[in-house]
Amino acid sequence: MATFFVPIRCDTDGLTHAVTEDEFAAGRHEGRFRAVCGHVVLAAAMIEEPGRFDPGCRDVLRGGGAVAEPVVPRQERRRPRWRARR
């Protein structure tokens, strides 16, 4: 099965990074995504034009670098609903 990538422009460095579908799904609620180069992308407004493509992502996609570890979604922490008896 082929892996698909979503190009996302980072608001912090202005570069466009390659993000896998799975990473996009994992970070879509927070707007932060782990790119294939390992950079954490803070998504710019989607109406902005793509910036220059990140050289690190380009190297990984061409086979010259290692793919970053996948992002594991953090579990929501819930407080116990018990009350101490007095």
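Predicted model: local features only at pLDDT ≥ 70, side-chain atom pairs only at ≥ 80, totals over all residues.
Q: Why are the rings of phenylalanine 24 and phenylalanine 33 called stacked?
A: A search of the whole structure finds 1 aromatic pair. The ring centres of phenylalanine 24 and phenylalanine 33 lie 5.2 Å apart, and rings pair if their centres lie within 6.5 Å; their planes stand at 10°, and planes under 30 degrees apart count as stacked, so the pair is stacked.

Q: What makes phenylalanine 33 buried, and what makes phenylalanine 24 partly exposed?
A: Phenylalanine 33 has a relative accessible area of 4%, and buried means under 20%, so phenylalanine 33 is buried. Phenylalanine 24, with 29%, falls between the 20% and 50% limits and is therefore partly exposed.

Q: Why is cysteine 57 counted as buried, and why is cysteine 37 called partly exposed?
A: Cysteine 57 has 0% relative accessibility and so counts as buried, the limit being under 20%. Cysteine 37, at 30%, lies between 20% and 50%, and is therefore partly exposed.

Q: What makes threonine 16 buried, and which residues does threonine 16 touch?
A: Threonine 16, in strand β2, has a relative accessible area of 5%, which is under 20%, so threonine 16 is buried. Among the residues it touches beyond four places away in sequence are Pro7, Ile8, Pro50 and Phe53.

Definitions and conventions:
Residues numbered from 1 in each chain as written. Heavy atoms only, no water. Phe/Tyr/Trp six-rings, centres within 6.5 Å; stacked < 30°, edge-to-face > 60°. Buried < 20%, exposed > 50% of the residue type's maximum accessible area, 1.4 Å probe, protein only. Helix = DSSP H or I, 4+ residues; strand = E, 2+ residues; numbered from the N terminus. Contact = heavy atoms within 4.5 Å.
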